[in-house]
Amino acid sequence: MKKRIAIIGAGPAGLTAAYLLAKDGQQVTVFEKDPQYVGGISRTESYKGYHFDIGGHRFFSKSKEVEDFWTEILGDEMLERPRSSRIYYNHKFFSYPLVAFEALNKLGIIESGLCVLSYLKAKAFPIKNPTNFEDWVTNQFGKRLFNIFFKTYTEKVWGIPCKEISADWAAQRIKGLSLSSAIWNALFKPAKKAGDKDKVIKTLIDSFRYPKQGPGMMWEVCTEKAKANGMILEMNCGVQNISYSHQKWTVHTTSKGSIGDFDFVLSSAPMRELIASVQPAFPQQVLEAAAALSYRDFLTVVLICKDEDAFSDNWIYIHDPSVKVGRVQNFKSWSPYMVPDLSMSCYGLEYFCFEGDGLWTSSDADLIALGKKEIEKIGLTKGTSVVDGYVVRQPKAYPVYDQDYKERVALVRQGIKAYPGLYLVGRNGMHKYNNQDHSMMTAMLAAKNIIAGNELFDIWEVNEDAEYHEGGNRGAEDKVAGRMIPTKVNA
């Protein structure tokens with residue numbers, strides 16, 4: 001018997017589930033509030049023929065299932081692209097991963113020596129039971145490396161002091177792949193010993209796949225293929241609330257009224273919003289926990305420039321407190337098909353902010369002027385080379401890992417057990433800083449559960465470890481519990 005599934009959000013998680021469920025013959029309806037684009041934060045927007053990514057998305061996964069999904073959707077439309085990125089620090093550009101001679105030359109012998117002494121001090125006198133980002137990183141790499149390569153950029157991204165960011169963020173996202181560990185291994189690489197294979201930090205990937213016209217191309221084609229299998233997509237259709245009664249779900253929308261008789265609801269909407277919209281209401285404790293979750297927003301100032309000072313990086317991290325920009329994308333380096341005129345370049349300056357703050361509410365003209373000023377100050381191009389600009393605002397781009405987020409999410413996870421057929425998937429749905437492939441995997445496993453009619457997998461066990469995005473072998477699927485593919489619930 002076919003099941004009816006409502007999916008809230010046409011991002012990577014929502015569309016992955018929609019495609020797989022529709023392919024299996026299930027009845028799927030997807031609700032997307034955006035009037036124009038699918039893909040969520042993985043969409044590709046366009047302006048005068050220029051295409052740009054919202055944040056930069058490398059298509060690389062250690063999951064064979066995810067890699068095979070991408071191939072099934074786009075096939076030969078996926079390019080193999082070289083990975084290239086740098087860090088801008090102290091008016092200098094550092095290759096990432098770092099090159100030993102270059103790092104020595106640019107940091108200087110004295111600074112390198114002070115970093116070593118700071119590291120040794122941290123190892124000799126570590127902070128006991130570190131609970132915040134600053135203390136965790138300091139324990140691992142020393143205060144000096146923390147101040148050089150972590151503090152400025154991290155506080156730009158999150159808008160709060162590093163002391164207020166959970167140590168979970170560091171443990172999840174840094175591990176063996178941080179800039180400081182790259183410095184350590186580049187400058188003072190230890191000799192390998194027998195039996196150390198599993199202890200050596202994996203080399204960062206040097207290439208990745210990328211759709212010709214940006215990540216949104218993946219989800220646009222996925223949408224069309226899912227539609228061919230019977231999926232219904234309701235665009236410009238936000239969800240006001242969802243209600244559960246007599247073992248069925250009803251979705252109350254902003255433009256299509258109420259649509260009911262769903263057996264399941266999969267939501268990639270921000271957890272804070274979704275939990276508040278469910279009827280019957282969650283217990284007060286759960287509602288308060290969800291309401292206290294926070295998000296970081298960001299905007300991209302797109303600058304279309306004469307290709308006079310072109311750089312080859314996919315992106316550059318800006319570790320400089322004198323400018324507000326946090327990262328600079330080079331969309332032409334992601335794919336030459338993103339730029340209609342090869343005599344031009346298209347850069348994206350990313351500014352991390354909170355919805356409603358001074359940056360967010362600035363006019364597009366003021367933001368473009370700021371971008372021109374800062375890109376020239378950094379030295380990437382001249383302001384006079386900029387011929388046009390465009391601004392994209394992205395609310396709720398990053399779930400914030402503050403000191404209390406884990407307990408709040410745990411309360412929500414416990415609370416949804418009382419709502420049969422409700423799945424939270426994806427980055428914002430689960431309030432997990434998932435990479436795209438991890439978000440997809442949560443949707444894949446939810447789809448497997450629905451098709452099987454049994455809770456085969458606990459989707460909350462999908463690991464968001466950054467190494468799956470940055471290192472290791474493509475398609476080298478790991479089925480160890482707690483890794484990319486969690487063990488079956490009843491195994």
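**Surroundings of Asn449**

Leaving aside neighbours within four places in sequence, Asn449 is in contact with Tyr423, Asn454, Glu455, Leu456, Phe457 and Ile459, where contact means heavy atoms within 4.5 Å. The model is predicted, so local features need pLDDT of at least 70 and side-chain atom pairs count only at pLDDT 80 or more, while totals for chains, interfaces and linings use all residues. Residues are numbered from 1 along each chain as its sequence is written, and side-chain values use heavy atoms, leaving out hydrogens and water.

**Helix H17**

- Asn449 is found in helix H17; helices are DSSP runs of H or I with at least four residues, numbered from the N terminus.
- Asn449 counts as buried because its relative accessibility is 2%, the cut-off being under 20% relative accessible area with a 1.4 Å probe and protein chains only.
- Of the 17 residues of H17, 14 are buried.
- At 1.5 Å a residue, H17 (residues 436-452) should span 24 Å, which agrees with the 24 Å between its end C-alpha atoms.

**Helices H1 and H9**

- The axes of H1 (residues 12-23) and H9 (residues 215-228) come within 9 Å and cross at roughly 30°.
- That makes H1 roughly parallel to H9, a term for angles under 35 degrees.
- The contact is made by Pro12, Leu15, Thr16, Tyr19 and Ala22 of H1 and by Trp219, Cys222, Thr223, Lys225 and Ala226 of H9.

Technical notes
Axes are lines fitted to C-alpha atoms, for helices over the stretch in contact, and angles run from 0 to 180 degrees between N-to-C directions. Helices (H or I, at least four residues) and strands (E, at least two) are DSSP runs, numbered from the N terminus. Angles under 35 degrees count as roughly parallel, over 145 as roughly antiparallel, 65 to 115 as roughly perpendicular and the rest as oblique. The expected span of a helix is 1.5 Å times one less than its number of residues. Buried means under 20% relative accessible area, exposed over 50%, partly exposed in between (1.4 Å probe, protein chains only).
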